[in-house]
Amino acid sequence: MQQAIKQSLKRLKTFLNYSKNYLKRNNPVKVFKKNIVAGLKDALSINKKRKMIKYKLRYQMHQLNQMEKLIAQNNEHTFLRGNKFNEMR
């Protein structure tokens with residue numbers, strides 16, 4: 001009986017040591033704090049990200065409009081604009 005109690009206490013002590021070492025390595029308070037700080041940074045920088053995305057979108061739309069203008073200028077079926085391009089070659 002005494003040996004069984006000693007064995008149980010030894011197992012409990014080993015389990016507690018493993019738990020303590022795990023909590024030292026992966027501190028849930030630090031992880032929670034890190035997640036909160038990351039969330040706040042994202043929330044505070046959302047306006048910058050929105051502006052950057054808006055700029056990129058406007059740039060892409062500008063490029064698309066330029067390509068459409070070039071295609072329209074060089075298209076033979078649009079008021080014979082393509083003839084000018086072909087004659088210049």
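Predicted model: local features only at pLDDT ≥ 70, side-chain atom pairs only at ≥ 80, totals over all residues.
Student: How many salt bridges does a search of the whole structure find?

Tutor: The search finds one. To count, a side-chain nitrogen of Lys or Arg must be within 4 Å of a carboxyl oxygen of Asp or Glu. Here Lys-49 pairs with Asp-42. Their closest N and O atoms are 3.4 Å apart.

Student: What is the relative accessible area of Lys-49, and what is that of Asp-42?

Tutor: Lys-49 has 40%. Asp-42 has 42%.

Student: Which residues form a positive surface patch?

Tutor: Lys and Arg count as positive. In this structure, Arg-50, Lys-51, Lys-54 and Arg-58 make up such a patch.

Student: Where does Lys-51 lie, and is Lys-51 buried or exposed?

Tutor: Look in helix H3, which covers residues 46–74. Lys-51 has a relative accessible area of 53%, so this residue is exposed. Exposed means over 50%.

Student: Which residues make a nonpolar surface patch?

Tutor: For such a patch, nonpolar side chains are joined within 5 Å. Here the members are Met-1, Ile-5, Leu-9, Leu-12, Phe-15 and Leu-16. The patch is about 700 Å².

Student: Where is the place of Met-1, and is Met-1 buried or exposed?

Tutor: Met-1 sits in the segment before helix H1, which spans 2–25. Its relative accessible area is 81%, so Met-1 is exposed.

Key
Residues numbered from 1 in each chain as written. Heavy atoms only, no water. Patch = residues over 30% accessible without salt bridge, like charges linked within 9 Å, V, L, I, M, F, W, Y side chains within 5 Å. Areas by Shrake-Rupley, 256 points an atom, 1.4 Å probe, with all protein chains shown as cover. Charge placed at Lys NZ, Arg CZ, Asp CG, Glu CD. Helix = DSSP H or I, 4+ residues; strand = E, 2+ residues; numbered from the N terminus. Buried < 20%, exposed > 50% of the residue type's maximum accessible area, 1.4 Å probe, protein only.
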